[in-house]
Amino acid sequence: MADTVFQKECDIRLLHGLHVPMRDGVRLSADVYVPQSGGPFPTIVTRTPYESGRDVFTELGVWWAERGYAFVVQDCRGRFESEGIFHAYFPDIEDGYDTLGWVAEQSWCNGRLGTWGRSYGALTQWLSAPLQSPHLNCMAPHVICDDFFSDCHYIGGAFQLLLSLGAAVIWETNLEIVTGRASRKIFQNRRFWEHLPLIELDERAIGRKIPYWREWLEHPTYDSYWQRCNTADRHAEIKVPAFQQCGWFDPYTASGFRYFNAMTKKGATSEARTQQRIMVGPWSHEVPEGTSLGDMDFGESAPVDMREENKRWFDWQLKGVKGDLSDGPPIRLFVTGSNQWRFEHQWPLDRTRWTPYYLSSGGNANSFAGDGIFCSDPPGNEPPDHFEYDPQEPVPTRGGVLSVTLMTSHAEEPMRAGPVDQQSVERRGDVLVYTSAPLECDTEVIGPVTVVLYAESSARDTDFTARLTDVDPAGCSRVMTEGIIRARYRKSLNETELLEPGVADRFQIELWPVGHVFRKGHCFRLDISSSNFPRFSRNLNTGEEVATGTRMQTARQTVLHSTQYPSHIILPLVDA
């Protein structure tokens, strides 16, 4: 069916508040946008907890109908006009499957069905996919994970406080409560985020208990609770291809690549294995727009119209219209620094050189005024670095890999995602700073990044954080990627083991993937500390449970870099 038939002259019919029955009798509300004449049509389904009647969904519905599609937007169970009780993740497994079955029976659907959605609208797709609906042909799940424990709520074992509470509050109220201008009056006060125990923060935020918020905190290891809603090990049960969009400064890019690799190897059909596509741009969690993020501008080629990209995908998968997306390489990356789009065939790139850079100092790497060095030569027998981590004065969140933008009293400006200058943080004595010599040529770093840290602590439990920054000749230190590990999870996410105080241990910190060119004359920099608050909950250093802990103590941290303990970062260097 030619697109020209349905361009802007097309009249749109809205079917509002249709009742979609689930297997347990609960009815979910859906709005459908279809061309006024013709049909039946290929159909795109999205499911959301963010209110189907919002302007963004109305605009999308009209846009897709103008292009010859039926567009279905459904409120998740217990949200807005849908019946039932909302609970994060679990009901969406069967509800998504049942919804596709209902859509396929409608007179306006031609039997070619795809799903689309961002964030929660993406996880609803992955949750249902292993059930193998016979009606599903493809998916477009953007900016989401396949492991809700270690990619969403417990990063390296550290509880992701800002995202977890922000999401729970939104899902119990509405988006404006957290992201709107008035939210500053609710969440700006630093004392709000510092409240202990953490499990009470739901009542502090909205005046009542949120069951799944408490469940997340009551399940602080990867157990059967998390296994039930994860798709990380179920790729072989998924029969359809997916088009993923990710951002270098969004928390779910590593998961997106994991999905891509697993599906190309294990997908249940040839189409699932060969037609996977992924796009990664210089964005965070929101819909890409503009040329800048944080304190970096990416140039005129950075913006992408994701509606058009999705249209190319659905035209291929649902209408059989082939083009660059169907015939070209499956991976499309925007490399920051050089500010260019690039097509690749595999991840990590086959020409990657995994290169260690070592931490070194004379024992005084505290702050950017210290003597910390970041170089390719292994350290000799040199003194360690020390700092005091006080949970009552944590290092504040400044940019980085964030999915929630929020005003807090830690800053004079909104907490922003992306490559934000870290100089205000790097002035602190509880931040160790290791800087390389100026680079002699442009250096591409594209791929996963790992820090291997040898350290001691006076505490039974503590955190270690790492940030890789790009330091320009003027001294601006923009964070490009970061990571964290909670010491009790250093050996496993399935069970915990507290530290022996004063005993050296190995901590492997997985940083988010990066795709960046460090320009000639710029420097690599690695910051090491013990907090990133309020993005992550503070480690109280006492070994108490994250949900109920209230006692705090200061930890004396020792970072080792010697022949015996060569702390280092492994950078994925790529030849141009």
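Is Arg214 buried or exposed? At 14% relative accessibility, Arg214 counts as buried. Here buried means under 20% relative accessible area, exposed means over 50%, and partly exposed lies in between, with a 1.4 Å probe and protein chains only.

This is a predicted model, in which local features need pLDDT of at least 70 and side-chain atom pairs count only at pLDDT 80 or more, while totals for chains, interfaces and linings use all residues. Residues are numbered from 1 along each chain as its sequence is written, and side-chain values use heavy atoms, with hydrogens and water left out.

## Salt bridges

Arg214 meets Glu203 in a salt bridge, at 3.2 Å from N to O. A salt bridge is a side-chain nitrogen of Lys or Arg within 4 Å of a carboxyl oxygen of Asp or Glu. By this rule the count comes to 33. Glu203 sits in helix H9 (residues 201-206) and Arg214 in helix H10, 11 residues apart. Helices (H or I, at least four residues) and strands (E, at least two) are DSSP runs, numbered from the N terminus. Glu203 is partly exposed at 35% relative accessibility.

| Pair | N to O distance | Relative accessibility |
|---|---|---|
| Glu203 and Arg214 | 3.2 Å | Glu203 35%, Arg214 14% |
| Arg351 and Glu344 | 2.8 Å | Arg351 29%, Glu344 7% |
| Glu497 and Lys491 | 3.1 Å | Glu497 38%, Lys491 57% |

Arg351 counts as partly exposed. Its partner Glu344 is buried. Glu497 is partly exposed, and Lys491 is exposed. Both Glu497 and Lys491 belong to a network of salt bridges that also links Arg490 and Asp505.

## Helix H5 against helix H10

Helix H10 (residues 211-218) packs on helix H5 (residues 161-172). The angle is about 155°, and the axes lie 9 Å apart. Axes are lines fitted to C-alpha atoms, for helices over the stretch in contact; angles run from 0 to 180 degrees between N-to-C directions. H5 and H10 are therefore roughly antiparallel. That label applies over 145 degrees; under 35 counts as roughly parallel, 65 to 115 as roughly perpendicular and the rest as oblique.

H5 contributes Leu161, Ser164, Leu165, Ala168, Trp171 and Glu172 to the contact. H10 contributes Tyr212, Trp213 and Trp216. Contact means heavy atoms within 4.5 Å. These residues divide into seven nonpolar, one polar and one charged. Nonpolar covers Ala, Val, Leu, Ile, Met, Phe, Trp, Tyr, Cys and Pro; charged covers Asp, Glu, Lys and Arg; the others, Gly among them, are polar.

## The six-stranded sheet

Six strands form an open sheet with mixed pairing. Their order is E1-E2-E4-E3-E5-E6. Two strands pair if DSSP finds at least two bridges between them. E1 and strand E6 (136-142) are the edge strands, each pairing on one side only. From one strand to the next, the twist averages 20°. Inside the sheet, E3 and E4 are parallel over six bridges. Thr48 has Asp75 of E4 as its bridge partner.

H1 packs on this sheet and touches E1, E2, E3, E4 and E5. Its direction makes about 45° with that of E2. Within H1 (residues 55-65), Phe57, Leu60, Gly61, Trp63, Trp64 and Ala65 are buried. Their cover includes strands E1 (12-21), E2 (27-35), E3 (41-48), E4 (70-75) and E5 (109-118), along with helix H14 (306-319). Another helix, H3 (residues 120-128), lies across E3, E5 and E6. H3 runs at about 125° to E5.

## The four-stranded sheet

H14 also lies across E9, E10 and strand E13 (331-335), running at about 160° to E9. These strands belong to an open sheet of four, ordered E9-E10-E13-E14, again with mixed pairing. Strands E9 (243-247) and E14 (340-344) are its edges, and each pairs on one side only. The twist averages 20° from one strand to the next. E9 and strand E10 (residues 277-281) run parallel and share five bridges. Phe243 has Arg277 of E10 as its bridge partner.

## A buried glutamate

Glu426 lies in helix H16 (residues 423-426). With a relative accessible area of 0%, Glu426 is buried. Beyond its neighbours within four places in sequence, Glu426 is in contact with Ser367, Phe368, Val433, Thr469, Ser477, Arg525 and Asp527.
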